[in-house]
Amino acid sequence: MRTLRSAWPLAGLVAGFAGLATSYLVAMALSVRESPVIAVGELVIRYVPGDLAERAIQVLGHWDKPALLIGIFVILGVLFAYAGHLARESWARALIVFGLLAAVGATAVALRPGTTVVNYLPVAVGLVTWLVCLSLLTEPLRVAPDAEEAPGPQAEPGADEKMSDSSRRAFLIRAGVLSAVAVLAGGAGRLVSRGRRQLEETRRLLKLTGISEPRVPRSATVGVPGVATWDTPNDEFYLIHTAIVTPTIEPGEWRLRIHGMVDREVVLTYEDLLDRQRTEAWITLNCVSNRVGGDLIGNAWWGGVRVADLLAEAGVHEEADAVLQTSEDGWNCGTPLAALTDDRDAMLALAMNGRPLPIDHGFPVRTIVPGLYGYVSACKWVVDMEVTRFDRIQSYWTAKGWGEQGPVKIASRIDVPASGDKVTVGEVTFAGVAWHQHVGISGVEISVDGGEWQAADVAPGPSDDTWVQWVVTTQVEPGDHLVKVRARGKDGEVQTEIERDVLPDGATGHHEIDFTAEPA
């Protein structure tokens, strides 16, 4: 580096990322769940339009949040470099850039639920670090070149931009030291962020009485390789939530407040739930973002306490028709009161597949409501339930244009063969899954190349709240083929062929695959 012009932006860049590192270290040391960068990221997620959020989920899948953070860091890097560039002419201008960035971080922190003075300390430390580091890095750049290197009358253009050896050496040493300190601070932040590791240990040692091991009914499977496993392992269960950093709540610190249009407010602890009668059930959950034939669906053995019993204790007012559920991270959803108080196994779940809930799936407590999409019911890390009316509330996803009630739509999927597969001419076996939680599936049919619908054998599930597997074998001639599937519900509904996108309340249409039949 021979010129001053390139050194100033680099000074801003080093100072900027040093500030991010120290702010992260302070946040982790104080057990603040969200560093300022994470708070900004979650603020973006909260206010991004619904169609854009849906597009990100479809295109990026589980990489949507990492992509958002990368984008934030790239923007910050550009702004940090720009602040360094401005500092060359005016320290005040650089101060304004860093001050505005700190203001954005403080605003994002302020908009989080449960914010206290402690939550602002990482922002303050980051701002101070920016200013101190920028001052240290730019001091050598303000020193005039050595006298013997001063440009003469015949000097090359830009000679006055060249750095003296001593200035360059001082700048590089300081930049290197501060960069190393920033890396160490970031690493130290990782080391002191004990929350997740401690909670994993708490969860591992937790013994839940009254929770049994899952047993898959023999009648529920068709025994065809390639069909989705009827019971979904925890580590394969789909994950959709808005939190960039998942909340870490110790069971002993968890509280649930039930209030609003009730006769009496109820506050529950984790121990209170453990002391109550438990319910267990196989329940299939699927995301409203699941496209026709998609895999954002899973079936698990859930265990917990029925929500209906808790609401009965609170004494729900007759005019109420909704419960606004709120997560520890501030996400919320409006759930139809009828779905929480009828005969279905709507529960505060403590266990998933015979074990305490995984942290990413809502440990220590989450809500499960069969028959509703998760965006109106499946509140992870639930800490508040307000009994209310739909005309008085607006929840996270409905504010982005999604439907209010969110009942699961009847759907089916072909798993075998996969689209594009080559099969042997003659008898070909088709198999897959179908679901219509809290209603049930009465039949499944396939159609090859637009021909007549052929009934499949459906493996009965233990209840109407789970998906079912199906299988059918039929003769196929040589050539390319297209097969589609539809399901029939126990209420008489036939799955529609009309194709609709996931917005505003779930996708519709027949899943179809293409395949080629060849001689043996």
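**Close-ups of a predicted model**

**View 1. K422 and its partner E518.** K422 counts as exposed, with a relative accessibility of 65%. As with every view here, we're looking at a predicted model. The side chain of K422 meets that of E518 in a salt bridge, at 3.9 Å from N to O. This pair ties together distant parts of the chain: E518 sits in strand β19 (residues 511–518) and K422 in strand β12 (residues 422–424), 96 residues apart. E518 is partly exposed, at 33% relative accessible area.

**View 2. A salt bridge between buried residues, D345 and R306.** Here the side chains of D345 and R306 come together, N to O at 3.8 Å. It's another link between distant parts of the chain, with D345 in the loop between α11 (337–341) and β7 (347–352), and R306 in strand β4 (residues 297–306), 39 residues apart. Both D345 and R306 are buried.

**View 3. R204 and E201 on one helix.** R204 and E201 form a salt bridge, and their closest N and O atoms are 2.7 Å apart. The two residues are 3 apart in helix α8 (residues 194–205), so about one helical turn separates them. R204 is exposed, with 55% relative accessible area, while E201 is partly exposed at 35%. Zoom out, and the structure holds 16 salt bridges. Look as well for E445, R486 and R488, which are linked in a network of salt bridges.

View 4. The largest nonpolar core takes in 122 residues, and I258, Y270, W302 and L348 have the most contacts inside it. Helix α1 (residues 4–29) gives this core its largest share, 8 residues. Another core lies apart from it, made of 21 residues, including I414, A434, I446 and W470. Across the protein, 52% of the 520 residues are buried.

**View 5. A nonpolar patch on the surface.** L30, V118 and L121 make up this patch, and together they have about 220 Å² of accessible area. You'll find L30 in the loop between α1 and α2 (36–47). L30 counts as partly exposed, with a relative accessible area of 37%.

**View 6. A negative patch on the surface.** D480, E497, E499, E512 and D514 form this one. D480 belongs to strand β18 (residues 479–489) and is exposed, at 63% relative accessibility.

**View 7. Stepping back to the whole protein.** Along its principal axes, the C-alpha trace spans about 95 × 70 × 45 Å.

Terms used: Residues numbered from 1 in each chain as written. Predicted model: local features only at pLDDT ≥ 70, side-chain atom pairs only at ≥ 80, totals over all residues. Heavy atoms only, no water. Patch = residues over 30% accessible without salt bridge, like charges linked within 9 Å, V, L, I, M, F, W, Y side chains within 5 Å. Areas by Shrake-Rupley, 256 points an atom, 1.4 Å probe, with all protein chains shown as cover. Salt bridge = Lys/Arg side-chain N within 4 Å of Asp/Glu carboxyl O. Lys, Arg positive; Asp, Glu negative; His and termini not counted. Charge placed at Lys NZ, Arg CZ, Asp CG, Glu CD. Helix = DSSP H or I, 4+ residues; strand = E, 2+ residues; numbered from the N terminus. Buried < 20%, exposed > 50% of the residue type's maximum accessible area, 1.4 Å probe, protein only. Core = buried A, V, L, I, M, F, W, Y, C linked by side-chain atoms within 4.5 Å.
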